[in-house]
Amino acid sequence: FLQIRQITNGRNSFCALTVARQLFCWGRVAGQSAVVNSSATVQPIVDPRQQILPAWVSTGEEHYCVLDLSGLGFCTGTDFAGQLGDGTFTSPTVGTFPFIFDGSQHYSSIQSGRMHSCGFLRFGTSVLPVNNQVPQCWGLNLNGQVGNAAKTNQNKPVHVTLPAGVTAFDSTSLALGDGHTCVLQSLPAAGAGKAWCWGSNGFGQLGKDTVGTAFASTSSDSVMQPVKMPTSVTFVKLYAGEYHSCGISTAGAAYCWGRNDYGQLGDGSRISNSTPQPVGGGLAFRSLSLGELFSCGVAVAVTALGAPGQQSSSPGTIYCWGDNVFGQLGNGVAVNNAPFLAPTRVSFQP
């Protein structure tokens with residue numbers, strides 16, 4: 001059996017990193033859109049310059065990135081938009097991992113969206129100009145999701161444009177969706193825990209109304225550099241789905257915003273909203289995970305869910321909400337166009 005230290009999902013695949021630092025993936029093979037693995041398959045991690053011992057993996061649509069034990073970043077898969085960050089737009093041989101840019105950058109964290117990725121440099125890196133507390137991003141940038149005040153694809157890492165008055169972001173808080181990116185402020189301390197987002201905002205997924213009250217998914221709704229969410233909520237963690245975002249507050253409450261036509265915000269409605277909406281059910285969460293049309297969370301406490309037999313005070317209980325046409329909520333129900341608009345407990349739990 002395998003002992004797993006991390007599991008991550010992209011748009012069409014999953015990958016798991018074992019304690020022995022082997023990488024297993026299943027679903028669509030990165031860089032080979034016509035090839036799929038229906039079972040977990042070990043992925044060779046090949047680089048002719050050195051041995052790669054992965055410590056972290058992040059998965060996009062048709063690319064994924066790994067960090068080795070030293071913090072060096074490597075990406076593989078499709079590269080037509082520069083999502084590998086190696087300075088080219090050329091996809092490598094399947095199974096080979098080019099360095100992110102020139103191999104002199106060491107990262108503390110990397111996250112991948114559908115066709116772009118972002119990361120924070122480690123302290124002490126030799127790269128100039130050094131700014132370890134502002135994320136670098138690369139890849140598809142047609143909606144400004146790279147955050148460098150442009151709309152051209154970036155094939156190597158560029159620092160996100162730093163907003164006036166902000167000196168540092170939290171390196172553990174990056175959240176990347178289909179075409180948007182969010183991160184939490186860390187300095188100045190008076191604004192710590194405030195969310196900044198950029199990129200596509202067709203459904204209000206940036207948490208800021210830039211297009212009025214009627215959202216439409218068009219590139220004209222996008223924002224090319226970080227904008228602060230006008231909310232009083234202080235967050236400790238952010239999460240991004242395809243077209244919606246969520247965060248966990250300092251009190252453990254979950255808030256979601258953006259696309260909501262299938263109830264993926266969990267606020268009891270099917271109305272998209274640019275203002276963070278509290279997830280219903282009286283739940284406190286320790287983590288969330290977002291898909292395209294649904295969301296899930298691991299609860300730390302339940303005060304009241306309002307449905308007989310659904311309450312649980314056991315730590316680690318998983319709840320999901322949103323679209324359930326394929327049974328993705330795990331509650332024993334699979335009905336077309338009958339989403340769950342508030343958290344429902346995944347079956348076979350305490």
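A salt bridge here is a side-chain nitrogen of Lys or Arg within 4 Å of a carboxyl oxygen of Asp or Glu. This is a predicted model, in which local features need pLDDT of at least 70 and side-chain atom pairs count only at pLDDT 80 or more, while totals for chains, interfaces and linings use all residues. Residues are numbered from 1 along each chain as its sequence is written, and side-chain values use heavy atoms, with hydrogens and water left out.

**View 1. Arg114 forms salt bridges with Glu61 and Asp178.** Let's start with Arg114 and Glu61, whose side chains meet at 2.8 Å, N to O. Arg114 sits in the loop between strand S8 (107-112) and strand S9 (116-121), and Glu61 in the loop between S5 and S6, so their contact ties together parts 53 residues apart in sequence. Strands, like helices, are DSSP runs numbered from the N terminus (strands: E, at least two residues; helices: H or I, at least four). For Asp178 and Arg114, the closest N and O atoms are 2.9 Å apart. Asp178 belongs to the loop between strand S13 (175-176) and S14, so this pair ties together parts 64 residues apart in sequence. Glu61 is buried at 11% relative accessible area and Asp178 is buried at 14%, whereas Arg114 is partly exposed at 23%. Buried means under 20% relative accessible area, exposed over 50%, and partly exposed in between (1.4 Å probe, protein chains only).

**View 2. Asp261 and Arg259 meet in a salt bridge.** The N to O distance for this pair is 2.9 Å. Asp261 is partly exposed, with 26% relative accessibility, while Arg259 is buried at 15%. Elsewhere, salt bridges with shared partners link Arg11, Glu61, Arg114, Asp178 and Glu242 into one network. The structure holds 6 salt bridges.

**View 3. Strands S5, S6 and S7 form an open antiparallel sheet, in that order.** Two strands pair if DSSP finds at least two bridges between them. At the edges stand strand S5 (54-59) and strand S7 (73-77), each with a single partner strand, so one side of each has no neighbour in the sheet. Neighbouring strands are turned by 20° against each other on average, direction ignored; axes are lines fitted to C-alpha atoms (for helices, over the stretch in contact), and angles run from 0 to 180 degrees between N-to-C directions. S5 joins strand S6 (residues 63-68) through 5 bridges, and here you can find Trp56 with its bridge partner Leu67 in S6.

View 4. Look for Gly247, whose bridge partner in S19 is Tyr255.

**View 5. Ala195, Met229, Phe235, Leu238 and Trp257 touch the most other members of the largest nonpolar core, which has 15 residues.** Such a core is a set of buried Ala, Val, Leu, Ile, Met, Phe, Trp, Tyr and Cys residues joined through side-chain atoms within 4.5 Å. Strand S14 (180-187), strand S15 (195-199), strand S16 (223-228), S17 and S19 each supply at least two of its residues. S17 gives the most, with 3 residues.
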